[in-house]
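A briefing follows, grouped by topic.

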Amino acid sequence: MKWTKKEAPVEPPDLEPELSAYQQAMRKQLLAAPVVPAPEPWQPVPFVPVGGLLGIGFASHPDTGHDLVMVVSHDGHGLFDAVTGEKIARDRDPDPGDSTPDAAADLSCPGLGPIAGSRVHIAGLFGGGLHTTTGDGWRLEVAVPAWPHERVLLSRGGGLPHRGPQGERWWHIFHSDYSELRAAGFSPGGQTIAVATSSDLSLWTRRADHSRRNSPDT
């Protein structure tokens, strides 16, 4: 008699459960929401193109107290004033051992310009993260109703940022439909919003630029 080995039956793969009616309505709402300006008191800072951006981190200017954003890219390191958008320092050839944050256990890179001698934690391609809430109730969330294009939602007052109509408690302020999202969040003091993609840096501030306002040329 010839024996044949019986193959175990193939189990069907687990399928993702279907979205509930609530989830479908939420997804539909997010997909339909256009990008809108951030509400008061947030003001946009001039757009900063950065090709090959890998990650960003926050620091504070020792003289002005302004939030600073350090940018790590394939072309080196840069430091920007988050209130004015001005580039205040540049290092096109950082030490190879510190050129990207993955070389350090805490995902940090050495500071430059006015923050030389310190280290800045970098969030982006190699991991890490930024603050997603502020002490006075603002919140930032990344939603992906149509992967891989992320949407950045700003809200306040607690609860889901996409509850109710846009413009009351939540705002779709950024749509990453052309580049890969690297990081999104607030500065530690809650005065700056930063959204970094592989090609640019977008900033919003709620701190007035008193140096510019009090300038004799304005």
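What does the accessible surface of the chain come to, and what share of it belongs to carbon and sulfur atoms? The accessible surface comes to about 12,400 Å², and 53% of it belongs to carbon and sulfur atoms; accessible areas are from the Shrake-Rupley method with a 1.4 Å probe, where for residues only the protein chains shown count as cover. This is a predicted model, in which local features need pLDDT of at least 70 and side-chain atom pairs count only at pLDDT 80 or more, whereas totals for chains, interfaces and linings use all residues. Residues are numbered from 1 along each chain as its sequence is written, and side-chain values use heavy atoms, with hydrogens and water left out.

**Overall composition**

- The chain has two helices and 14 strands, these elements being DSSP runs numbered from the N terminus (helices are H or I of at least four residues, strands are E of at least two).
- Of the 218 residues of the chain, 43% count as buried, a term that stands for under 20% relative accessible area, with exposed meaning over 50% and partly exposed in between (1.4 Å probe, protein chains only).
- Among contacts (heavy atoms within 4.5 Å) between residues at least 6 apart in sequence, 49% join residues at least 24 apart.

- Three strands form an open sheet in the order E9-E10-E11 with antiparallel pairing, where two strands pair if DSSP finds at least two bridges between them.
- The edge strands of this sheet are E9 and E11 (170-176), each of which pairs on one side only.
- Neighbouring strands of the sheet are turned by 25° against each other on average, direction ignored, with axes taken as lines fitted to C-alpha atoms, for helices over the stretch in contact, and angles running from 0 to 180 degrees between N-to-C directions.
- Helix H1 packs on the sheet, where H1 touches E9, E10 and E11, and the direction of H1 makes about 100° with that of E9.
- Strand E9 (residues 138-146) and strand E10 (residues 149-156) are joined by seven bridges in the antiparallel sense, and a hairpin connects E9 to E10 through two residues.
- Within this pairing, Ala143 stands opposite Arg151 in E10, while Arg139 stands opposite Ser155 in E10.

- Strand E14 is mostly covered, as six of its six residues are buried.
- On one face of E14 the buried residues are Asp200, Ser202 and Trp204, and on the other they are Leu201, Leu203 and Thr205.
- E1 pairs with E14 in the antiparallel sense over five bridges, and the bridge partner of Pro49 in E14 is Asp200.
- E13 and E14 also run antiparallel, joined by five bridges, and they form a hairpin with two residues between them; here Ala194 has Leu203 of E14 as its bridge partner.

- Beyond its neighbours within four places in sequence, Leu203 is in contact with residues including Val45, Val69, Ala82 and Ile193.
- In soluble globular proteins, nonpolar side chains tend to be buried together.

**Aromatic pairs**

- A search of the whole structure finds four aromatic pairs, where rings of Phe, Tyr and Trp (its six-membered ring) pair if their centres lie within 6.5 Å, with planes under 30 degrees apart counted as stacked, over 60 as edge-to-face and the rest as tilted.
- Trp42 and Trp138 form an edge-to-face pair, with 5.9 Å centre to centre and 85° between the planes.
- Because Trp42 lies in the loop between helix H1 (21-32) and E1 and Trp138 lies in strand E9, this pair ties together parts that are 96 residues apart in sequence.
- Both Trp42 and Trp138 are buried, and ring pairs link Trp42, Trp138, Trp171 and Phe186 into a cluster.

**Arg169**

- Arg169 has its place in the loop between E10 and E11 and, at 32% relative accessibility, counts as partly exposed.
- Arg169 and Pro39 are 130 residues apart in sequence, and their C-alpha atoms are 9.8 Å apart in space.
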